[in-house]
Amino acid sequence: MRIFDPHIHMTSRTTDDYERMAAAGVRAVVEPAFWLGQPRTSVDSFVDYFDSLIGWEPFRAGQFGIRHHATVALNPKEANDPRCRPVLDLLPRYLDKDGVVAVGEIGYDAMTPAEDAALAGQLALAVAHDLPALVHTPHRDKARGVERTLAVVTESGIPPGRVLVDHLNEVTVELVRDTGCWLGFSIYPETKMSPPRMVELLKRYGTERMLVNSAADWGRSDPLLTRATGEAMLLAGFDADEVDRVLWRNPVEFYSQSGRLDLTDLEDSSATFAGNSILRGGA
């Protein structure tokens, strides 16, 4: 089983996670820029963060044979913080980088006017830089948030096939299904979506434009739940080709639209990044 996790926050994970993911069949990941759990206090902190997403994390993933790509954006929660909004002027510098395969995460948290402006502005950046867009849907009042998201997407002029609407569930899947956008589902231990629930959605709606991710971050999450979903699909009667479509070919097709997806094989490396080999304790 080969797995491409299209949404996972490896900055918050350990090298043990990378090792476990590689053993489970994860060969590629996309790491979206997101809120770190506490407020950033200046634009400079975003510079260091974005630099790590396109430098240090690809190196760290490569030690385990995993290809790492990133998406960059001002995330919805921090779009409300005046200290962070100047990041919008910084983004074009990073949207031209080879390892950046989309604008994201963008979207809504509390559905404020500031979030409206940030979403519309960053969809415009996606169009200007010929990149797909990864859209976060809010945890609260999700149906209204998805409806509002789709309205802004339509107004932006970005082709819907270049938009991935993420964190969907049973309540919101039908809102997105016939729009032409891609549908993302985050599999969590207790919240969002579980492997059995995901299997039921795949039975009902099929595998076309459906992506499964772990969205693993600082909180209670599990980077191996993509694998668990594939195993649940097989137990439910899906064949290996259908599993491969959901866990590999769909994310590859979506992010390939960036023209920057690199899925060439990686081997474990003994090189260093800025003098750091990750190794501890000597040879």
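**Notebook: a walk through the predicted model**

I started with the core: the largest nonpolar core has 70 residues, and Phe50, Leu95, Ile106, Leu123, Val176, Phe185 and Met198 touch the most other members. A nonpolar core here is a set of buried Ala, Val, Leu, Ile, Met, Phe, Trp, Tyr and Cys residues joined through side-chain atoms within 4.5 Å. Buried means under 20% relative accessible area, exposed means over 50%, and partly exposed is in between, with a 1.4 Å probe and protein chains only. I also noted a second, separate core of 14 residues, which includes Phe4, Val30, Ala102 and Val252.

Some bookkeeping for my own use. This is a predicted model, so local features need pLDDT of at least 70 and side-chain atom pairs count only at pLDDT 80 or more, while totals for chains, interfaces and linings use all residues. Residues are numbered from 1 along each chain as its sequence is written, and side-chain values use heavy atoms, with hydrogens and water left out.

**Leu95**

Leaving aside neighbours within four places in sequence, Leu95 is in contact with Val72, Val100, Ala102, Val103, Leu125, His129, Leu131 and Arg260. Ala102 turns up here and also among the members of the second core.

**The largest pocket**

Next I looked for open space. Rolling a probe the size of a water molecule over the atoms shows where empty space is left. On a 1 Å grid over the protein atoms alone, a cavity is a set of points where a 1.4 Å probe fits but cannot get out, whereas a pocket is an open set with protein on both sides within 12 Å along at least five of seven lines; lining residues have an atom within 4 Å of a point. The largest pocket has a volume of about 390 Å³, with grid points joined across faces, edges and corners and the volume taken as the space filled by probe spheres set on the points.

Which residues lie nearest the centre of the largest pocket? I found Phe34, Trp35, His136, His139 and Asp217, out of 19 lining residues. By class, the lining has seven nonpolar, seven polar and five charged residues. For these classes, Ala, Val, Leu, Ile, Met, Phe, Trp, Tyr, Cys and Pro count as nonpolar, Asp, Glu, Lys and Arg as charged, and the others, Gly among them, as polar.

Asn75 lies in the loop between β3 (67-72) and α4 (87-95). Helices (H or I, at least four residues) and strands (E, at least two) are DSSP runs, numbered from the N terminus. Is Asn75 buried or exposed? Asn75 counts as buried because its relative accessible area is 4%.

Beyond four places in sequence, Asn75 is in contact with Ala33, Phe34, Trp35, Arg40 and Glu105. Two of these names, Phe34 and Trp35, I had already written down for the pocket centre. A polar atom of the Asn75 side chain also lies 3.1 Å from the backbone nitrogen of Lys77; a polar contact is a pair of N or O atoms within 3.5 Å where, within protein, one must be able to donate a hydrogen and the other to accept it, and residues adjacent in sequence count only if both atoms are side-chain atoms.

I then followed Glu105, which sits in strand β4 (residues 100-107). A cis peptide bond joins Gly104 and Glu105, with omega of about -5°.

**Ser12**

Ser12 lies in the loop between β1 (3-5) and α1 (15-24), and is buried at 13% relative accessible area. Not counting residues up to four places away in sequence, Ser12 touches Ala216, Asp217 and Trp218; Asp217 was on my pocket list too. The Ser12 side chain reaches the backbone oxygen of His9 at 2.6 Å and the backbone nitrogen of Trp218 at 3.4 Å.

I checked phi at two loop residues. Asp130, between α5 (113-128) and β5 (133-136), has a positive phi of about 55° although it is not a glycine. Arg209, between α8 (195-205) and β8 (210-213), has a positive phi of about 60° and is not a glycine either. Arg209 counts as buried, at 15% relative accessibility.

Last, I looked at Thr149 in helix α6 (residues 142-156). Thr149 is buried, with a relative accessible area of 0%, and is in contact with Tyr108 and Val135 once neighbours within four places are set aside.

Methods
Contact = heavy atoms within 4.5 Å.
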